[in-house]
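Hi,

Here is the structure for you to look at. Please open it beside this email and follow along.

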Amino acid sequence: MIGAAYLAAEGFEAELAEELRLAGGSISAWHGRLALSPEPPRSLAWALEAWTAPEEVPAPSVKAAADALRAIQRNWALYAHGQHRRAALIAERLPPVKARPLHFPEPAPAAHLGAWTLLAPDRLLLSATKTSPFVNGAVQFVEDREGPPSRAYLKLWEALTRAGRWPLPGESCLDLGASPGGWTWALAQLGAQVIAVDKAPLDPAVAALPGVSMRQESAFGLDPRQMTPVDWLFSDVICYPQRLLALVRRWLEAGRVRNICCTIKFQGETDHAAAAEFAAIPGAMVFHGARNKHELMVVRLD
């Protein structure tokens, strides 16, 4: 019996398994990066997506498998692991799902999307519902390969797209750990007013963008009680999770920020306890994006 399935990003299966164990769940088997669990679905930060209504269905032929999927709904995303040729033949019989890249800021797709895979040549695992509107939990973007000084902007785009909110023109943003300026560039493109904070300087082209100002100092040296309130606090600072947690709490307790989007970076072992403390912040969502490395994103909206 499969109660839920969780798709991990490549290389982060162990983090997902440990998070599930700490939550009192278990994994009966792995199917590639897909963890099959006998318990009902639960929210896991390290899952790109969860399959919330898994069913095992006999698939004696390609036609039978495609017919079974089409009888339930139109839109299906394939997670391919093994049986690649047979899976491709089944997919060819299904209506195409156009996973086109998004032009940020563009809302996530609203169309209903299910997921399926072949556990064996004659056995289908499907879920008519899943937690992500994207194929295999990974949003694709039309990238800008000329403007930003680094590719870090992509994980910010992903986090804001998943949250369904981003800074509006004229809103104030504090970007901690900003150098060389990938996030500052992305925020400036939205028309936001950005104060970039880092001991290292910004890329000159980013520093010259309209609405961008620079404070060349430590993000941890700022006293929020002495700062003008901001609409958004962003942080991609490299530090231990507990230090970032203290910083976030300080800003929230001072009432100087409305929305937060930060990267929780792990040094060495994954600090699941710290991740849980971030998740316990009222209104916070914690997740591992397809463009995150050994780190999680925390977003808290007002």
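Below is what turned up, starting with the aromatic rings and moving on to the strands.

Keep in mind that this is a predicted model.

**Aromatic rings**

The structure holds 11 aromatic pairs. Take Tyr153 and Trp157. Their ring centres are 4.7 Å apart and their planes stand at 80 degrees, so this pair is edge-to-face. Both residues belong to helix α4 (residues 153-163), where they are four residues apart, or about one helical turn. Are they buried or exposed? Tyr153 has 1% relative accessibility, so it counts as buried. Trp157 has 6%, so it counts as buried too.

Now compare Trp232 and Phe234. This pair is stacked, with 5.5 Å from centre to centre and 10 degrees between the planes. Trp232 and Phe234 are both buried.

Tyr153 and Trp157 also belong to an aromatic cluster.

The charged end of Arg243 sits over the ring of Phe220, 3.7 Å from the ring centre.

**Strands**

Look next at strand β9 (residues 172-176) and strand β10 (residues 193-197). They run parallel and are joined by five bridges. Cys173 stands opposite Val194 in β10. Together with helix α5 (residues 182-189), β9 and β10 make a right-handed β-α-β unit.

β10 also pairs with strand β11 (residues 212-215). That pairing is parallel as well, over four bridges. Here Val194 stands opposite Val212 in β11.

Best wishes

Methods:
Residues are numbered from 1 along each chain as its sequence is written. This is a predicted model: local features need pLDDT of at least 70, side-chain atom pairs count only at pLDDT 80 or more; totals for chains, interfaces and linings use all residues. Side-chain values use heavy atoms; hydrogens and water are left out. Rings of Phe, Tyr and Trp (its six-membered ring) pair if their centres lie within 6.5 Å; planes under 30 degrees apart count as stacked, over 60 as edge-to-face and the rest as tilted. Helices (H or I, at least four residues) and strands (E, at least two) are DSSP runs, numbered from the N terminus. Buried means under 20% relative accessible area, exposed over 50%, partly exposed in between (1.4 Å probe, protein chains only). A charge sits over a ring if NZ of Lys or CZ of Arg is within 6 Å of the ring centre and within 35 degrees of the ring normal. Two strands pair if DSSP finds at least two bridges between them. A crossover is right-handed if, with the strands pointing away from the viewer, the path from the first strand over the helix to the second runs clockwise.
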